[in-house]
Amino acid sequence: MANVTVIGAQWGDEGKGKIVDWLAERADAVIRFQGGHNAGHTLVIGEKVFKLSLLPSGIVRGTFSVIGNGVVLDPWALRDEVAKLRGQGVEITPDNLAVADNCPLILPFHRDLDALREDASGQGKIGTTRRGIGPAYEDKVGRRAIRVCDLAHLDALDPQLDRLCAHHDALRAGFGEPPIDRAALLAELAEIAPFVLEFAQPVWKRLGEIRRAGARMLFEGAQGVLLDVDHGTYPFVTSSNTVTGTASGGSGLGPQASGFVLGIVKAYTTRVGSGPFPTELQDEVGQRLGERGHEFGTVTGRQRRCGWFDATLVRQACAVAGVTGIALTKLDVLDGFAKLKICTGYRLNGKVLDYFPAHAGDQASVQPIYEEMDGWHESTAGARSWVDLPAQAIKYIKRVEELIQCPVALVSTSPEREDTILVRDPFAD
Ligand code: IMP
């Protein structure tokens, strides 16, 4: 059976939620494999709007949903999100939600540390979501993490707590914070444990079984390739690998399970948080993109920075993540612009570059090289086939395809799931 991996091919917020929802109907399992509740996925279903941060988008339609081991899990955020969705009428039970028992936890002091470090970082601020994502991943690779399975063995946690406190108490002292209150932490863990353990299981095993039985998997990436800790705009990135390969390591299925890699690409560019953004527009055009595109963060409510489409960045993202085809989203936001610009390369110290350099200073200094196209006056909102699109919009899409060296598989023309032009079905065998 064909599987699909959905990843963001820019700085996140490309509209993955709608596409995953659209695909989830035909999937037997939807799997989150990295990130945590720093993600913000908005699903519009009829009159209802669902905002998800941690739960896989498939849960809203009742598709079996999995939080894989590659995620960092804030158990209290999970409980709140489950309660919120249940309040909106979504059924969530251990039958349709599984949490990997080897998933590391985000703990309250991770959240504190994230904020303390951001506040102390001056110009070096990353602009994180302050949800403790980075500190939790650090503890995972530092072999200090408390994991979901530990919740069933809290009386045996002392060696792990010793390691954790040895590290964090020193850091906390540097910030003038008291040491971790071990008794209070254990009490909090004991209180949340039954809720999380209800969903905990060896996810790798369950997924392997249903895959062998012919299930179709949909891997749901969070953030975007340009926020990948290796391939993104380091250090202004998130702390996980957001590229396709993580779908295998972060779920416990082999690399061949990724299937069709669908890169989600917005028809222009946005970014939240700090960091380089060569095509950023701090003028009325940028403001217009932001207003038309409702560019406010789902998680933090922060206004997103907006700019022209950067084909150089997306080409690089598609290359490093092995994207098979893209879903182009929010095309309608470009309706009514007399002229549109696409970045095709950069100038840096008198040289022309056809890629985004690795060094943060160079990334901040590159000057975009643009090509300009006529825009279109007609509305593309709600288009469901090529014939509904103005000729100039088709020209824009074709040019994007050419420049990023990757075919368009879908075009999304509104938040409604049916407003989608299908070119190639990612699930086709
Ligand atoms: P962190 O993931 O909270 O550590 O934040 C690191 C960077 O990733 C910041 O620039 C955040 O704004 C950005 N970021 C994290 N999650 C998302 C997301 O889901 N969409 C867009 N940006 C994100």
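Colleague: Does Q223 count as buried or exposed?
Modeller: Q223 counts as buried, at 8% relative accessibility. Buried means under 20% relative accessible area, exposed means over 50%, and partly exposed lies in between, using a 1.4 Å probe and protein chains only.

Colleague: Before we go on, what am I looking at?
Modeller: This is a predicted model, where local features need pLDDT of at least 70, side-chain atom pairs count only at pLDDT 80 or more, and totals for chains, interfaces and linings use all residues. Residues are numbered from 1 along each chain as its sequence is written, and side-chain values use heavy atoms, with hydrogens and water left out.

Colleague: OK. Where does Q223 lie?
Modeller: Q223 sits in the loop between strand 8 (217–220) and helix 8 (246–249). Helices (H or I, at least four residues) and strands (E, at least two) are DSSP runs, numbered from the N terminus.

Colleague: Which side chain does the side chain of Q223 make a polar contact with?
Modeller: That of N38, at 3.0 Å. A polar contact is a pair of N or O atoms within 3.5 Å; within protein, one must be able to donate a hydrogen and the other to accept it, and residues adjacent in sequence count only if both atoms are side-chain atoms.

Colleague: On to the ligand. How many residues surround the ligand, and which are the closest?
Modeller: 16 residues surround the ligand, and the closest are D13, N38, T129, T238 and R302. A residue counts as near if one of its heavy atoms lies within 4 Å.

Colleague: What are the distances to D13 and T129?
Modeller: A ligand nitrogen is 3.2 Å from an N or O atom in the D13 side chain. A ligand oxygen is 2.5 Å from an N or O atom in the T129 side chain. Taken alone, the ligand exposes 470 Å², and the protein buries 97% of that. These areas come from the Shrake-Rupley method with a 1.4 Å probe; for residues, only the protein chains shown count as cover.

Colleague: Now the sheet. How many strands form it, and in what order?
Modeller: Ten strands form an open sheet with mixed pairing, in the order 7-6-5-2-8-1-9-13-17-18. Two strands pair if DSSP finds at least two bridges between them.

Colleague: Which strands stand at the edges?
Modeller: Strand 7 (200–201) and strand 18 (420–422). Each has a single partner strand, so one side of each is left without a neighbour in the sheet.

Colleague: What about strand 5 and its two faces?
Modeller: Strand 5 (residues 64–67) is covered on both faces. F64 and V66 on one side are buried, and so are S65 and I67 on the other.

Colleague: Last one. Why is helix 1 largely enclosed?
Modeller: Nine of the nine residues of helix 1 (residues 16–24) are buried, so the rest of the structure largely encloses it. Among them are K16, D21 and W22.
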